Amino acid sequence: MGAQPRRGRPDDAHADALFGFEDIDTGQGAHVPADAGPLFRDSPAARRLLSVREIRAEPAAAASPRGRQVLARFPDVEIVPVDSHWGIPDLHGNAGNVDRWVRIKSEVLVLGEKKTLTTRPNGRSADWIAPGPANGCAMACAYCYVPRRKGYANPITVFTNIERIIAHISRHVARLGSKTVANQCDPTAWVYDVGENSDCSVDALISDNVADIVRAFARWPSAKASFATKFVNPDLLLLDPRGRTRVRFSVMPQEDSKLLDIRTSPVESRIAAAGDFLEAGYEVHFNLSPVVLRPGWESDWALLLRQMDDVLPTAVKDQAAAEVIMLTHNEDLHELNLGWHQRAEDALWRPDLQEPKRSENGSWNVRYRVGVKSGAVETMRTLVARHAPWLRIRYAF
Ligand code: SF4
């Protein structure tokens, strides 16, 4: 016990597993109490976001227990076999899809198996980035980095081999042992981000993958799951996370959100949900992100922080912490957004304030210039201290 993480090392196949195949519930709604009533995921509001008409499926994924569960949820849809969830040209291409992105996002699902299971060190938002339950998203934020690898009309791919994903994380947790040195991610638990490439609240509209992850972490005393979300899914309140899943509601001023957060839940409803999620056993944090510099940004963030101070219950404030993340944009995404959402680019693309930086995959990102960014981070710290002094900033960059 007390072992330090062996950073970047692949999983040890001989480590003790904390997880067995029996931990997966493959029945429809298996995690939901019998007296729960109608589920949100079957409501008209959920269908406005996701109204599946077509499923592209790898054959093995479709035949798996989780795949069959998803297919049973959408019995009347067309099922189209695909060789791989990677590279489905008419879904993942960019320019040709720009005028039907939202339709693809809301009407198409992909079923696939996650082949490469790796957990990477992080150290900012979480100690570790774990493989998640899905990639892609039904929402369409103008600044989103998630779809960059698959192309921007990136509908949700549900990973049906969730038992392998959780077994992988389980071995990683077992290998680490207890966390003996506190850090800003968490004083005592190893924090695993499980939502790097999707929004788990939306993923939970489709399958029990997220419920399985929440349930697994509830049994691991040395670890905690974490995901950021811009969507309020009340079905998550029916789970039993026992404090071992951290939900990070992303918030930004309403004016920015209306322009940039396409298809998400309104910011005020994300804030209003915080108390319910805490009561249900989640830890509730906030992502103040992305911070977009435009005329009046300081006063709008001040207003938002005052709203949070006014409406959040004391119990939420007592345990809350925040990440502050300045906008990073991308040249390819900028070009693409000009084809469908030019007004967003007026706010996101600011060559007068930004500088290019080559990203790991070779494309050009832009970020606020060093002096601009450090000044804005300082301003955000001052605003939080003045208007929401209970909100501990875990990190800001
Ligand atoms: S909710 Fe998150 S993953 Fe989905 S489009 Fe917005 S930023 Fe991307």
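Here's a quick briefing on the chain shown above. Keep in mind that this is a predicted model. The chain has 397 residues, and 46% of them count as buried. Its fold includes 15 helices and 16 strands.

**How confident is the prediction?**

- Averaged over the chain, the pLDDT comes out at 90, and 89% of the residues get to 70 or more.
- Residues 1-24 are another story, with pLDDT below 50. In the model, this stretch still has 39 contacts beyond near neighbours in sequence.

**How the chain comes together**

- Take the contacts between residues at least 6 apart in sequence: 77% of them join residues at least 24 apart.

- Helix 11 covers residues 297-311 and helix 15 covers residues 370-387; their axes come within 9 Å and cross at roughly 35°.
- The crossing of helix 11 with helix 15 is right-handed.
- On the helix 11 side, the contact uses E298, W301, A302, L305, R306 and D309. Helix 15 brings T379, M380, L383, V384 and H387.
- Sort the residues of this contact by class and you get six nonpolar, two polar and three charged.

**Around the ligand**

- Which residues sit around the ligand? They are C137, M139, A140, C141, C144, V146, D199, K230 and T264.
- By class, this shell has six nonpolar residues, one polar and two charged.

**Backbone spots to look up**

- S289 and P290 are joined by a cis peptide bond, with omega at about -15°. You'll find P290 in strand 11, which spans residues 283-291.
- R242 isn't a glycine, yet its phi is positive, near 55°. Look for R242 in the loop between strand 9 (223-229) and strand 10 (245-251).
- Why does R242 count as partly exposed? Because it has 14 C-beta neighbours inside 10 Å, and partly exposed is the class between 12 or fewer (exposed) and 20 or more (buried).
- R263 isn't a glycine either, and its phi is positive too, at about 75°. R263 lies in the loop between helix 9 (254-260) and helix 10 (267-279).
- R263 has 18 C-beta neighbours inside 10 Å, so it counts as partly exposed.

How values were computed: Residues numbered from 1 in each chain as written. Predicted model: local features only at pLDDT ≥ 70, side-chain atom pairs only at ≥ 80, totals over all residues. pLDDT = per-residue confidence, 0-100. Contact = placed C-beta atoms within 7 Å. Axes fitted to C-alpha atoms, helices over the stretch in contact; angles between N-to-C directions. Helix = DSSP H or I, 4+ residues; strand = E, 2+ residues; numbered from the N terminus. Left-handed = near helix turned anticlockwise from the far one by under 90°. Nonpolar A, V, L, I, M, F, W, Y, C, P; charged D, E, K, R; others polar. Near = placed C-beta within 6 Å.
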